[in-house]
Amino acid sequence: MSLFVTELRRLSKRRLTRMLLVLLVVGLAGIATVFAFSSHKLSPAVVAEAQAQSDAQYRQAVQEWQKSVAECDAAQARGENTEERYGPNCGRDWQPQPDMFDPKWNLPYQFDFRAEFGIFVAVFAGAVGLFAFLVGASFVGAEWSTGGMMNLLLWRPRRLAVLGTKLAAVLTTLLGVTVVLGALWTLAFWLIGTYRGTTAKVTGGVWQSVGLDGLRALALILTVGAVAFALASIGRHTAMALGVAVGLGVVSEIGVRIGTAIAGVPFGDRYVLSTYAMAWFQKQWKLLDYDSCQLVQGACEPKELIVTWQQSGLLFGIGAALVLTAAFWLMRRRDVT
């Protein structure tokens with residue numbers, strides 16, 4: 001049996017891997033179920049009810065306006081100053097109009113697959129990305145901390161091949177999990193759109209966009225898994241990857257934001273990792289510098305900076321390449337006993 005197949009079997013049979021997979025599936029299923037109950041099919045009866053509510057609100061507003069005008073006229077007849085309380089002309093110029101009461105405001109929420117599924121691709125990537133990080137870090141971290149790596153190298157002394165095979169096993173597992181769960185995730189929200197929402201205007205171009213979103217999610221998940229694997233290998237412990245992740249999150253999301261705000265750095269969020277994650281999924285992310293506001297006819301027009309998905313891919317790719325290079329270089333150079 002090849003080393004790659006052996007590593008695949010070992011990874012799939014680990015108790016932590018199975019437990020995390022169960023939690024992932026339950027979590028995703030829970031999100032889809034709760035969301036399904038929050039969406040409502042807009043049948044003709046529901047639309048008619050919303051229109052009736054809108055008409056009733058309009059009539060009530062007209063009655064209240066007429067009452068206010070009558071009270072103002074009576075107050076004027078008594079010689080009172082009414083402009084401050086009722087406005088000029090007793091508020092006759094403020095008569096409610098039917099178009100002020102849009103029936104859409106009374107409609108329950110309806111999930112639109114075409115417009116909203118991209119958001120749920122990002123949610124899926126976040127959940128599976130967390131799974132990828134924990135699986136990738138714990139798999140090689142446990143090998144180092146328990147001495148399994150040293151024992152394996154006794155009969156397979158090719159260090160880089162061993163580490164590369166373990167990484168390939170992790171990435172292959174993540175690929176399979178992501179593809180299968182991603183297909184089920186898409187099917188679940190398609191069914192939600194069909195029976196409790198709308199799938200109108202879903203064309204071939206929309207499916208192409210969904211496919212590209214899925215590929216971006218897959219790339220990010222595999223990158224997260226590979227980086228977690230490399231960090232745990234560098235530190236020879238799972239805690240190394242977890243510590244770096246927490247530290248990077250604190251520094252990036254809190255420290256950098258505070259530091260750039262104090263220093264008055266324009267577009268400080270361009271130095272924050274979450275900005276590039278959002279740009280990766282949204283194709284681009286707009287940053288606004290309100291400190292540079294230029295008042296044009298009383299309106300604020302701040303300067304803009306666009307972060308693209310290409311920039312995000314370059315940043316994440318370089319970061320992952322550096323960490324993986326360090327892990328393999330240390331594997332080759334240092335004592336593993």
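Trainee: What makes Val-246 count as exposed or buried in this predicted model?

Mentor: Its relative accessible area is 55%. Exposed means over 50%, so Val-246 is exposed. The residue sits in helix 9. Val-246 and Val-180 are 66 residues apart in sequence, with 29 Å from C-alpha to C-alpha.

Trainee: How do you know whether Ser-312 is buried or exposed?

Mentor: The relative accessible area of Ser-312 is 0%. Buried means under 20%, so Ser-312 is buried. Ser-312 belongs to helix 11. Beyond its neighbours within four places in sequence, Ser-312 is in contact with Tyr-276, Ala-279, Trp-280 and Val-307.

Trainee: Which residues of helix 10 are buried?

Mentor: In helix 10, Thr-275, Tyr-276, Ala-279, Trp-280 and Phe-281 are buried. Tyr-276, Ala-279 and Trp-280 are among the contacts of Ser-312. Just after helix 10, Lys-283 has a positive phi of about 75°.

Trainee: The structure holds 17 aromatic pairs. Why is the pair of Phe-35 and Phe-189 called tilted?

Mentor: The ring centres of Phe-35 and Phe-189 are 5.7 Å apart, and the planes stand at 40°. A pair needs centres within 6.5 Å, and tilted is what remains when planes under 30 degrees apart count as stacked and those over 60 as edge-to-face. The value of 40° falls in that remainder, so the pair is tilted.

Trainee: Where in the chain do Phe-35 and Phe-189 lie?

Mentor: Phe-35 is in helix 2 (residues 15-38) and Phe-189 in helix 7 (residues 159-196). They are 154 residues apart, and the pair links distant parts of the chain.

Trainee: What makes Phe-35 and Phe-189 count as buried?

Mentor: Phe-35 has 13% relative accessibility, and Phe-189 has 0%. The limit for buried is under 20%, so both Phe-35 and Phe-189 count as buried.

Trainee: How do you know what kind of pair Phe-120 and Phe-189 form?

Mentor: Phe-120 and Phe-189 are 4.5 Å apart centre to centre, with 35° between the planes. Phe-120 is buried, as is Phe-189.

Trainee: Which residues touch the most other members of the largest nonpolar core?

Mentor: Of its 64 residues, they are Phe-117, Met-149, Trp-185 and Phe-189. The elements that give two or more residues to this core include helix 2, helix 5, helix 7 and helix 11. Helix 5 gives the most, with 15 residues.

Trainee: How do the residues that line the largest pocket divide by kind?

Mentor: The lining divides into 21 nonpolar, 7 polar and 1 charged. The volume of this pocket is about 950 Å³. Of the 29 lining residues, Leu-220, Val-224, Leu-248, Leu-273 and Phe-316 are the closest to its centre. Helix 5, helix 8, helix 9, helix 10 and helix 11 each give two or more residues to the lining.

Terms used. Residues numbered from 1 in each chain as written. Predicted model: local features only at pLDDT ≥ 70, side-chain atom pairs only at ≥ 80, totals over all residues. Heavy atoms only, no water. Phe/Tyr/Trp six-rings, centres within 6.5 Å; stacked < 30°, edge-to-face > 60°. Helix = DSSP H or I, 4+ residues; strand = E, 2+ residues; numbered from the N terminus. Buried < 20%, exposed > 50% of the residue type's maximum accessible area, 1.4 Å probe, protein only. Core = buried A, V, L, I, M, F, W, Y, C linked by side-chain atoms within 4.5 Å. Contact = heavy atoms within 4.5 Å. 1 Å grid on protein atoms, 1.4 Å probe; cavity = no way out; pocket = protein on both sides within 12 Å on 5 of 7 lines; lining within 4 Å. Points joined across faces, edges and corners; volume = space filled by probe spheres on them. Nonpolar A, V, L, I, M, F, W, Y, C, P; charged D, E, K, R; others polar.
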